[in-house]
Amino acid sequence: MRPPAPAPACDIPQDRLEPILVGEAARRGAHVRFETKFLSLTQDDEGVDVQVEDQRRSQVFTIRARYVVGADGGQSRVAEAVGLPLRGESGVGSAMNVRFTADLSPYVAHRPGSLFEVIQPEREEQLGTGCCGWCARGTTGWPASCTSASATRV
Ligand SMILES: Cc1cc2nc3c(=O)[nH]c(=O)nc-3n(C[C@H](O)[C@H](O)[C@H](O)COP(=O)(O)OP(=O)(O)OC[C@H]3O[C@@H](n4cnc5c(N)ncnc54)[C@H](O)[C@@H]3O)c2cc1C
């Protein structure tokens with residue numbers, strides 16, 4: 001079967017990918033602020049004033065920007081602030097990721113994959129544990145993703 005893309009698949013977990021992306025962005029001059037929440041914006045002819053909150057210090061301050069890109073997910077406050085309606089139902093489920101260390105090789109070494117699911121038919125929630133970065137990190141570092149069809153129950 002022909003692969004869908006010329007590049008080989010690469011499972012790389014967020015804790016490995018994010019430093020690469022942030023490092024490259026910083027190298028190109030970006031200022032990256034973690035734990036800083038978008039609150040609101042005000043546009044004028046030259047640009048945008050963006051009110052944000054540093055959540056570690058509980059400080060609200062304003063950033064002057066030429067543009068704002070709303071990449072803040074399906075419940076985007078940026079889209080809401082500029083009046084862009086999102087169609088469809090939201091809040092249809094919830095998920096929580098947990099990183100843990102365990103030697104699961106007896107269960108997975110003979111069947112490498114990107115995603116393993118723990119099926120518990122009696123429970124509504126599902127526990128899936130992704131073997132992300134399989135080749136690079138062996139079988140001991142794992143992200144576990146607990147998902148629920150309920151928006152609040154994970
Ligand atoms: C359990 C699960 C499994 C999935 N599996 C797959 C899969 O296998 N394949 C696939 O293609 N898709 C999958 N998806 C869907 C995929 O993760 C999403 O479609 C994708 O992450 C959306 O990307 P995004 O950048 O639009 O938003 P997000 O990834 O949600 O990123 C939004 C970011 O904005 C930040 N943010 C939100 N509000 C604010 C604010 N006010 N101020 C500052 N920052 C804010 C958030 O903290 C987050 O970092 C899965 C989703 C879930 C929940």
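For sorting residues here, Ala, Val, Leu, Ile, Met, Phe, Trp, Tyr, Cys and Pro count as nonpolar, Asp, Glu, Lys and Arg as charged, and the others, Gly among them, as polar. A heads-up: this is a predicted model, where local features need pLDDT of at least 70, side-chain atom pairs count only at pLDDT 80 or more, and totals for chains, interfaces and linings use all residues. Residues are numbered from 1 along each chain as its sequence is written.

Let's start with the ligand. Around it sit Lys37, Phe38, Ala71, Asp72, Gly73, Arg77, Ala95, Ser145 and Thr147 (near means a C-beta atom, placed from the backbone, within 6 Å of the molecule). Two or more shell residues come from each of β1 (36-43) and β7 (141-148); strands are DSSP runs of E, at least two residues, and helices runs of H or I, at least four, all numbered from the N terminus. By type, the shell splits into 3 nonpolar, 3 polar and 3 charged residues. Domain 1 (35-90) and domain 2 (94-148) each supply at least three shell residues, with bounds from an automatic or database domain assignment.

Glu35 has a positive phi despite not being glycine, and so does Ser58.

Buried or exposed, what is Glu35? Glu35 counts as exposed because it has 9 C-beta neighbours inside 10 Å. Ser58 has 7 such neighbours inside 10 Å, so Ser58 counts as exposed. The cut-offs, using C-beta atoms placed from the backbone, are 20 or more others within 10 Å for buried, 12 or fewer for exposed, and in between for partly exposed.
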